[in-house]
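Please look through the structure below.

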Amino acid sequence: MNEEYINRGDTVLGIYKDKYYKDIMQWPAHARETLLSKWEDENLGRDRDEIQAGEALYFPTTNFLKQRDFRSGIGDDKALKLKQFMDIMQINSGSKLAGESAVNSLRNVMGMSGNFTLPKSAISATYLKHVMGLQDDEIVSKIIHMANNADLESMDDFDPWYNQWGFDRKYYKEVSAAFEKYLTGRASEATRLEKAEDRFRADELAQWKMRATNATKDGTVGNASDSLKAWLVKNSVPAIYWDGVTDTMDKFFTQRGEEKTIDDSQRVRDDKRAVRDLTAERAIIGARYSKSTKESDWWKAIDELQIKIDSLTSAGANISPTDRDQALDELKQELDHIAPVEWVTKIKTQMQYQKLASREGKTNEQIASDRAILRATLERDYRSDPILKDIPFYRDKIHKAIEGTIQALQPDALDWPIMEMDGAGTKDDPMYINRLPTNDEIDAFIKRGITYVVFGGKLMRLNPDK
C-alpha cells in the first residue's frame, strides 16, 4: 500500500492511472470498481469523488493484472507452460482433477472449450520436453522451484514428494542437492524474517495509532473507551494491536483534557482582562468629554467606546452583553449633560442595530459576534417593552421575532421575502410579520385572504391600493 500527497486537481482514478495502472480505463468496470471500493475501505470516511489538496491518502494495489495475465495465458492449445502447471497444483494441493477443473473454469469464463486434461501418466522428462520443448537444465530449474514452494519441511518430505510427481530419476541428484541447500538457507531466512516481522508489526502498530489519532478530528473517536473500541471493531484492527492503540489514545485524551483545562483558565483570565480594559477605556472617554457642552461630543464618546468594544471582541475577547451594556450605560450617565433628546437617541439606536446586523466588510467571526450582541440586545428590549412583553407571540416566540427583526435590519431587506412568523391573517388571529409590507405585498396578502397583520406590536388592517 502506498501513501500519496494530494495536489490541486488530483482525482483518485487519475492518480491510479498516472502512477500505477496506465491502462486502468481499459479494465472491465467491475475491476475498477473493486479497486476503488478497496481505496474507500483504506481511507475510511473519504469519498473517492471528493478529495482535497494538502492531504495524504492511502492507495492500495490490486492483483487483477496477475489474474488477467494468468487467464490470458491459457489458450486453446493444450500445451501449457510448466509454471502454469505449478500454479495450478499449488492452488489445488496436487489434485489432478482439481487442477483440470481450475484450468477449464478459466477457459469457460473466457468463452473457450472446457476440454483440457492433464496426462494420465506421471510428468516425465520426456513428456515435459514434448509438451514444452524445454532443455534438461530448464526442467531441473523448474522442479527445484516447485520443491522450494511445496511446503516441504525436510529432506524426509522431499523423496515422497518427488516420487509422487513421478519426475525422472535422472534429475534427482541435482534437484535434491539444490533443495537441501535451500533448506539450510531457509532456516537462516526464518530467523531474519522473525526480526523483519517484528519490525513490520511495529510499523503497522504506528500506522493504526496515527489513524486512530486522525479519527479524533472528525469526532469518530471521542474517547479512549467505548468510542475507541467501536472504531477498532469497525476498522477490523487486528487484536494484537488493540492494547498499543488504546494505551496511546488514553495518553492522547488525558493530555487533551489537561490542555483544555489550561486553555479554559487562560480564556477566563483573558476575558476578565478585557472587561477591565473596557472599564478603563470608559473612564478615559468619560473624563475626556466631562466638561464638554457639545451634543456632538456625546455621539463621539459612544462611538469611541463602541470601537473599543469591537476591537476587543475582534481580538477574541468574550465580552458579555451585560458588561457591554453596563459600560455604555455608565458612559451615558457620565455625559448626561450633553445627551441628545430621546427621539434622536432612538434613531441612533436604530442605526446601531443596522450596523450590528450588516455583514458588509466583516469577517465571519465579526458577523457572529455582532449577531450575538444584537440578539441579546433585542431580547432585552422586547422583554422590557411595556407593550410587547404582554403580547403572547413576542413573549412565547421571542427568538423567531428576533430573527425576523435582524432580517428586516439588513440593507437589502426589501429584496428578501417578508417573513410570515405566526398567525392566519384574520382579525382574531392576525399574522405577525417582520417589517412593513410594500404595496405589492399588501395586494398579495389580500388575495390570499390575509387582512390583519401585526408589526412592532401594532395591529394593522390591510386595504387594497386604490
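**Aromatic rings**

The model is predicted. A search of the whole structure turns up 17 aromatic pairs. One of them joins Trp298 and Trp299: the ring centres are 4.8 Å apart and the planes stand at 90°, so this pair is edge-to-face. The cut-off for that label is over 60 degrees between planes. Both partners are buried, as the table shows.

| Residue | Relative accessible area | State |
|---|---|---|
| Trp298 | 5% | buried |
| Trp299 | 17% | buried |

Buried means under 20% relative accessible area. Elsewhere, ring pairs link a cluster. Its members are Tyr16, Tyr20, Tyr21, Trp27, Trp39 and Phe59.

**Helix α8**

Helix α8 covers residues 155-165. Its buried residues are Phe158, Trp161, Tyr162 and Trp165. Viewed down the axis of α8, these buried residues fall within an arc of 100°, so they line one face of the helix. An α-helix has 3.6 residues a turn, so residues three or four places apart point the same way. Asp156 and Gln164 are exposed on the other side of α8.

**The sheet**

Which strands form the open sheet, and in what order? Four strands build it, running β3-β4-β5-β6, with mixed pairing. The edges belong to β3 (420-422) and β6 (458-461). Each has a single partner strand, so one side of each lacks a neighbour in the sheet. From one strand to the next, the twist averages 40°.

Strand β5 (residues 452-455) pairs with β6 in the antiparallel sense, over four bridges. Val453 has Met460 in β6 as its bridge partner.

Note on methods: Residues are numbered from 1 along each chain as its sequence is written. This is a predicted model: local features need pLDDT of at least 70, side-chain atom pairs count only at pLDDT 80 or more; totals for chains, interfaces and linings use all residues. Side-chain values use heavy atoms; hydrogens and water are left out. Rings of Phe, Tyr and Trp (its six-membered ring) pair if their centres lie within 6.5 Å; planes under 30 degrees apart count as stacked, over 60 as edge-to-face and the rest as tilted. Buried means under 20% relative accessible area, exposed over 50%, partly exposed in between (1.4 Å probe, protein chains only). Helices (H or I, at least four residues) and strands (E, at least two) are DSSP runs, numbered from the N terminus. The arc is that of the directions from the helix axis to the C-beta atoms. Two strands pair if DSSP finds at least two bridges between them. Axes are lines fitted to C-alpha atoms, for helices over the stretch in contact, and angles run from 0 to 180 degrees between N-to-C directions.
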